[in-house]
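User: I have a model open and would like to know what stands behind the labels used for it. Could you take me through them?

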Amino acid sequence: MNNSKLQAFCLLVELKKLAPVAKALGITAPTVSFHIRSIEEEYGIHLFRTNAGGYRLTEAGEGVYHFARQMVQLQKDMDRFIENLLAGHIGSLRLGASGLPAHIFMPDLIHQVSTTYPEIRISLEVKTAPEIEKKVALQELDFGLIMETKQENPLLHYETIGEDALVLAFSPSHELAAQKDITKEDILKYKLLLHTSSSSTNHFIEKWMDPFQPSIYTIELDSVSTIKKMLTFGKNLAFLSVSLIEELKSGVLLKKDLHDVTLNRKIQLIYPKTRLDHKMDEFVKISVYEIAKQLKMSSTMT
């Protein structure tokens, strides 16, 4: 049954006259009468006693009114729920990120969202970029922050929010530490430490190493912390984002920027094309761009 019919019926019971009901609903008095007749015809009953003066309920009308009030209230509750949900006052936010964005973006983003929308539940999954893409496409996650993979999923929107360049990292005790100009051939004399075969970082390193055979020159590890620890032994090299090498400040590790455009990577915000934007979604997007600017990783960088 059309909810507007029930609203008209309930208001007529409560206000007793057609005119105030019509005014409250923004319709005409004949339309109110039409709604009442429509309910009566649908159920084959009379809602009001027509010979009693005014609008007095029949026994059937009393029963319908009992349930109609509940249905109208449920509709109001649902409308209020949807309104609060779209405004970000209730619900959840499921975030996903690959290694670098999880480290440098997510703490600030989660803090800002939880401060502005304290009622919502927030969760974060940290996996490789392809895994995050898959989960967002399946709508198991609402938003993802990843390093570009060069294989965009047609089900997703991709927004470039920043850029990052990989640098060569090594120990001060490494043989290349004293060398001013480092070539690709110099680097390939040593083992390169890579962060898992499915990570976006590997995509860039293997492209950079071409036409060499990556498997001969690499050791794959599933932890950036392990990679950095192994670098301190002075035997290996690694390509890492400078944002992940806190050890530069203390001199435990050194970096070399090779100024190679093939080592530049986009940082991307991804979300399903079918997602309906609401107030909190807009807040998430704005916050991510603001964090990128603060980190000087904005996509407008040159």
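Predicted model: local features only at pLDDT ≥ 70, side-chain atom pairs only at ≥ 80, totals over all residues.

User: Which residues touch the most other members of the largest nonpolar core?

Analyst: Those are Leu93, Phe105, Leu109, Val113 and Leu145, in a core of 26 residues. At least two core residues come from each of strand 3, helix 5, helix 6, strand 5, strand 11 and helix 13. Helix 13 gives the most, five residues.

User: Why is strand 6 called largely enclosed?

Analyst: Buried means under 20% relative accessible area. Eleven of the 15 residues of strand 6 (156-170) are buried, so the rest of the structure largely encloses this strand.

User: How do you know that strand 6 pairs with strand 11?

Analyst: Pairing takes at least two bridges found by DSSP. Strand 6 and strand 11 are joined by nine and run antiparallel, so they count as paired. One of the bridges sets Glu163 against Lys266 in strand 11.

User: And what makes strand 9 and strand 10 partners of strand 6?

Analyst: The test is again at least two bridges. Strand 9 pairs with strand 6 over four antiparallel bridges, with Val167 opposite Leu240. Strand 10 runs antiparallel to strand 6 and is joined to it by three bridges, and here Ala169 stands opposite Lys255.

Note on methods:
Residues numbered from 1 in each chain as written. Heavy atoms only, no water. Core = buried A, V, L, I, M, F, W, Y, C linked by side-chain atoms within 4.5 Å. Buried < 20%, exposed > 50% of the residue type's maximum accessible area, 1.4 Å probe, protein only.
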